[in-house]
Amino acid sequence: MTSAQPGHWLDRRRLDLACGLSLLTRLPSIWLAPPADRDSTQPWPLARSIWCWPVIATLIGALTGSVLAALRMAHVPPLAAAGLALACQSILTGGLHEDGLADMADGCGGSTPERRLAIMRDSHVGSYGVMALGLSLLVRAAALAALPIWASIGVCATTACLARMAMLLVPALVPPARANGLARMLSPLPLPSLWGAVFVAVGVMACLSILAYGHAGLSLWAFLALMAAPAGIGCATAALVASYARRLLGGFTGDVLGCCAVVAECLLLSFYAALA
């Protein structure tokens with residue numbers, strides 16, 4: 001009986017990774033799931049899988065940064081390289097978080113929480129959503145274009161990781177706005193998985209900060225400030241988005257989480273671009 005324990009633990013982790021990968025990317029993930037779960041009618045454990053979301057986000061960011069760095073080294077103009085890198089990221093993720101940002105922006109036009117939620121469920125994109133998407137792409141592209149080539153991969157990976165970590169804080173601050181959907185599946189968040197995500201995010205940020213800025217000869221306090229500032233930006237973004245969602249919607253939805261991730265990414269990239 002004890003010999004089956006490691007295999008059972010590994011199967012659970014494989015299912016978590018498959019669940020996170022299927023949500024955050026458009027990559028095929030069924031091959032990651034244990035054979036017994038591939039044809040199962042039971043829903044995959046979305047809430048339990050949140051520990052791996054920062055890991056998957058880091059890989060997404062690293063790929064985006066790699067495309068950006070490769071294009072810059074090929075003498076592609078910085079802004080064009082940034083736009084192409086963001087296009088690759090959108091293809092990889094399916095624009096999941098951008099869709100949430102657009103829906104959240106459109107929902108602001110409603111007069112009641114019920115009307116706002118109905119607008120957010122509409123598949124059409126309104127003028128508010130178009131403006132929000134355009135501004136977010138403009139900010140991110142400009143920030144990526146301002147990054148030095150050597151920092152592209154580390155900054156993009158760190159930013160992607162912290163942005164997804166920020167959106168995971170929202171369910172810890174406000175209840176779901178609906179009785180079904182993604183938000184309901186994430187409430188309540190299992191604390192071991194949430195703390196696991198925090199641990200992964202902090203570890204990724206520390207390692208990538210050393211790789212990106214270790215050559216700069218920073219003092220210990222300067223390095224700690226370099227880590228604390230992005231973490232503070234992510235936490236502040238999550239708190240503001242959660243407060244806004246509580247006031248306008250009565251809670252969070254999947255679109256609120258996507259909005260939080262994009263806003264956090266815009267602010268974090270702007271922060272790192274300011275350091276360049």
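How much accessible surface does the chain have, and what share of that surface belongs to carbon and sulfur atoms? The accessible surface comes to about 13000 Å², and 71% of this belongs to carbon and sulfur atoms. Accessible areas come from the Shrake-Rupley method with a 1.4 Å probe, and for residues only the protein chains shown count as cover.

## Basis of the values

This is a predicted model, in which local features need pLDDT of at least 70 and side-chain atom pairs count only at pLDDT 80 or more, while totals for chains, interfaces and linings use all residues. Residues are numbered from 1 along each chain as its sequence is written, and side-chain values use heavy atoms, with hydrogens and water left out.

## Overall fold

The chain has 12 helices and 0 strands. Its radius of gyration is 19 Å, close to the 19 Å from the globule rule for 276 residues, so the chain is as compact as a globular protein of that length. Helices (H or I, at least four residues) and strands (E, at least two) are DSSP runs, numbered from the N terminus. The radius of gyration is taken over C-alpha atoms, and the globule rule is 2.2 Å times the number of residues to the power 0.38.

Along its principal axes, the C-alpha trace spans about 60 × 50 × 35 Å. Of the 276 residues, 48% are buried; buried means under 20% relative accessible area, exposed over 50%, and partly exposed in between (1.4 Å probe, protein chains only). Among contacts (heavy atoms within 4.5 Å) between residues at least 6 apart in sequence, 76% join residues at least 24 apart.

## Salt bridges

A salt bridge is a side-chain nitrogen of Lys or Arg within 4 Å of a carboxyl oxygen of Asp or Glu. By this rule there are 6 salt bridges. One of them joins Asp16 and Arg13 at 3.2 Å, N to O. Both residues lie in helix H1 (residues 5-24), 3 residues apart, about one turn of the helix. Asp16 is buried at 0% relative accessibility, and Arg13 is buried at 16%.

Arg140 pairs with Glu98 at 2.9 Å, N to O. The relative accessible area is 1% for Arg140 and 12% for Glu98. Arg140 also forms a salt bridge with Glu265, with the closest N and O atoms 3.1 Å apart. Glu265 lies in helix H12 (residues 254-275), so its pair with Arg140 in helix H7 ties together parts that are 125 residues apart in sequence. Salt bridges that share partners join Glu98, Arg140, Arg164 and Glu265 into one network.

## Cysteines

A search of the whole structure finds 0 disulfides, a disulfide being a pair of cysteine sulfur atoms within 2.5 Å. The sulfur of Cys19 has its closest cysteine sulfur in Cys52, 7.5 Å away, which is too far for a bond. Cys19 is buried, at 4% relative accessibility. For Cys207 the closest cysteine sulfur is in Cys161, at 11 Å, also too far for a bond.

## Surface patch

Leu220, Trp221 and Leu224 make a nonpolar surface patch of about 390 Å². Patches are made of residues with over 30% relative accessible area and no salt bridge; like charges are joined within 9 Å, and nonpolar side chains (Val, Leu, Ile, Met, Phe, Trp, Tyr) within 5 Å. Trp221 lies in helix H11 (residues 220-249) and is exposed, with a relative accessible area of 69%.
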